[in-house]
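These are my notebook entries on one protein model. I looked up its pockets, its domains and a few points in the backbone.

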Amino acid sequence: MTEVKINTKRKLGVIDRNIYGQFAEHLGRCIYEGIYVDEDSGIPNVNGMRSDVVAALKELSVPVLRWPGGCFADDYHWRDGIGDKEKRPYMVNTNWGGVVENNHFGTHEFFELCEQIGCEPYITGNVGSGTVQEMRDWIEYMTFDGDSPLANERRKNGREEPFKLKYFGVGNENWGCGGNMRPEYYSDQYRRYATFIRNYGEEPVFKIACGPNSVDTRWMEVVLKEAGQFMQGISWHNYTYEGDWDHKGNSCVFDEKGWYSNLADAERMRKTLIKQIAVMDCFDPENKIALIVDEWGNWFDCMPGTNPGFLYQQNTMRDAVSGMVILHMFHENCRRVKMANIAQMINVLQAMILTEGEKMVLTPTYHLFRMMKGHQDGELVDIVYDNGAYEADGERVPKLSISASEKNGALTVSAVNTKLDEDAELEIELDREYSEVSAELLTAGDMRDCNTFEEPEKVSPVKLEAELCANKVRVKLPAMCIAAITLK
Ligand code: AHR
């Protein structure tokens with residue numbers, strides 16, 4: 001029996017709802033087919049947005065969506081994606097499979113998608129191959145309310161009111177696919193581009209600088225030192241693998257070693273996150289700049305037989321388990337981590353949803369995000385327990401990771417058991433009495449279980465028995481599971 005003590009009086013910060021953000025790039029079948037189809041296709045849609053996918057995403061209460069990339073962003077010219085669809089120029093998507101992009105999904109379609117899902121838009125601009133003027137004009141086109149040629153062009157294209165744009169990223173991975181820049185050079189570029197991101201609307205645009213990849217703390221240091229005063233947020237990308245970049249592993253064919261080494265990689269991510277935050281604390285001691293983890297998730301080898309440039313992978317219980325461990329890391333560091341965008345929303349990497357023509361399946365990661373909804377904007381509360389850490393692939397991996405938050409008088413407790421062969425019994429001691437408890441569990445018969453088009457509900461949440469007695473709740477967590485408990 002593991003004793004867990006929750007002290008709701010000790011609040012540790014707010015879990016920004018944007019930690020549950022999503023990312024959709026023009027990559028593989030994420031946008032086309034995954035989200036957007038021809039209006040006259042047989043797949044039910046509203047203005048091209050798939051009705052089944054939009055309904056499923058609404059269930060997640062997606063807070064924010066990042067678009068159009070990723071690497072695609074620094075090759076994207078927004079003017080190609082406005083106006084009459086039939087006249088929009090084609091381009092070659094050089095980053096992702098060399099396929100032809102017809103630009104039918106552009107600025108107006110992106111805002112329409114956000115409106116249908118009910119989330120904030122987060123757009124990444126083109127620094128790598130675009131100009132300062134192109135970026136400044138895009139902002140004016142989208143957000144200016146007055147009489148200007150760009151605002152009038154937007155009106156001519158069907159949008160009278162300005163779009164509400166809250167978050168804007170100044171380039172993506174400019175240390176790599178976004179221009180192979182050095183941090184000194186990018187810092188100067190950032191200062192220049194960011195100057196011309198004007199505030200036309202009532203709410204100022206929240207500017208996000210391109211931050212480092214994974215363990216690169218020097219990029220973080222230089223960019224904060226040279227340009228920190230001009231940004232509200234800085235990004236950080238960290239993918240997790242079965243091993244590392246050269247040994248990504250198969251998404252649904254793996255053994256116990258593959259299970260545990262992926263969890264060990266999540267622990268390496270924890271250490272790196274703490275290091276990056278320590279650098280931020282040096283250069284921004286007042287905690288004014290947000291850490292925006294705008295790409296994270298499991299990156300495995302693409303499914304055999306699929307286009308290697310499309311990054312299509314399956315999604316198993318392993319993704320749900322390591323996903324919860326990582327989301328808890330963001331909770332623990334919510335003082336700095338104000339947004340995170342899992343890569344990517346549909347059909348790419350650690351996706352919420354997979355589609356095949358008109359068919360759609362919800363992945364274990366989708367269930368994880370739905371089960372975690374209660375944490376969005378909740379106040380993280382103090383929790384004490386023995387996490388039963390064990391050794392795996394050179395790291396100390398927690399057997400149990402538990403997080404609790406309070407919102408509108410309700411307490412959400414999420415818990416993950418990472419062990420493949422050991423159950424766990426939790427006795428959760430609360431510092432006040434609750435009258436109602438409900439709980440959900442996601443587990444599988446086999447660690448490789450996933451939802452397929454033939455068996456779409458193989459890994460699905462079930463009710464978890466939770467016994468509430470005075471100020472104690474008891475639950476039994478089977479091996480390899482995630483659970484969410486709500487107390488009112
Ligand atoms: O998410 C896939 C790719 O990973 C993104 O385009 C890029 O930013 C990162 O390298």
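**Entry 1: the second largest pocket.** I began with the second largest pocket, which holds about 410 Å³ of space. Of the 21 residues that line this pocket, Pro162, Phe163, Lys164, Leu165 and Glu203 are the closest to its centre. I noted the terms: on a 1 Å grid over the protein atoms alone, a pocket is an open set of points where a 1.4 Å probe fits, with protein on both sides within 12 Å along at least five of seven lines, and a lining residue has an atom within 4 Å of a point. A volume is the space filled by probe spheres set on the points, which are joined across faces, edges and corners.

Helix H2 (107-117) and strand S8 (120-125) are the elements that give two or more residues to this lining. H2 gives the most, with 3 residues. Helices (H or I, at least four residues) and strands (E, at least two) are DSSP runs, numbered from the N terminus. I sorted the lining of the second largest pocket by class and got 9 nonpolar, 3 polar and 9 charged residues. Here Ala, Val, Leu, Ile, Met, Phe, Trp, Tyr, Cys and Pro count as nonpolar, Asp, Glu, Lys and Arg as charged, and the others, Gly among them, as polar.

**Entry 2: the source.** The model is predicted, so I kept its limits in view: local features need pLDDT of at least 70, side-chain atom pairs count only at pLDDT 80 or more, and totals for chains, interfaces and linings use all residues. Residues are numbered from 1 along each chain as its sequence is written, and side-chain values use heavy atoms, with hydrogens and water left out.

**Entry 3: the largest pocket.** About 490 Å³ of space lies in the largest pocket. It is lined by 27 residues, and Asn213, Ser214, Tyr239, Tyr241 and Trp245 are the closest to its centre. Strand S11 (233-240) and helix H7 (256-283) are the elements that give two or more residues to this lining. H7 has the largest share, 4 residues. By class, this lining has 12 nonpolar, 9 polar and 6 charged residues.

**Entry 4: two domains.** The domain assignment, which is automatic or from a database, gives domain 1 (2-8 + 381-487) and domain 2 (16-375). Their C-alpha centres lie 29 Å apart.

How much area do the domains bury between them? I found about 3,300 Å², 65% of it on carbon and sulfur atoms. Buried area is the accessible area (1.4 Å probe) that two parts lose on being put together, summed over both. Glu395, Met447 and Phe453 supply 21% of the area that domain 1 buries against domain 2, more than any other three residues.

**Entry 5: salt bridges.** I counted a salt bridge where a side-chain nitrogen of Lys or Arg is within 4 Å of a carboxyl oxygen of Asp or Glu. The count comes to 45, and between domain 1 and domain 2 it is 4. Lys271 and Glu395 form a salt bridge at 2.8 Å, N to O. Arg10 and Asp382 form another at 3.1 Å, N to O. Arg10 lies in strand S1 (residues 2-14) and Asp382 in strand S16 (residues 379-384), so this pair ties together parts that are 372 residues apart in sequence.

**Entry 6: the backbone.** Most residues other than glycine have a negative phi, and most peptide bonds are trans. The bond from Gly69 to Gly70 is cis, with omega near 20°. A cis bond also joins Ala343 and Gln344, with omega about -10°. Gln344 is in the loop between strand S13 (337-343) and strand S14 (353-356). Leu349 is in the loop between S13 and S14, and its phi is near 50°, a positive value.
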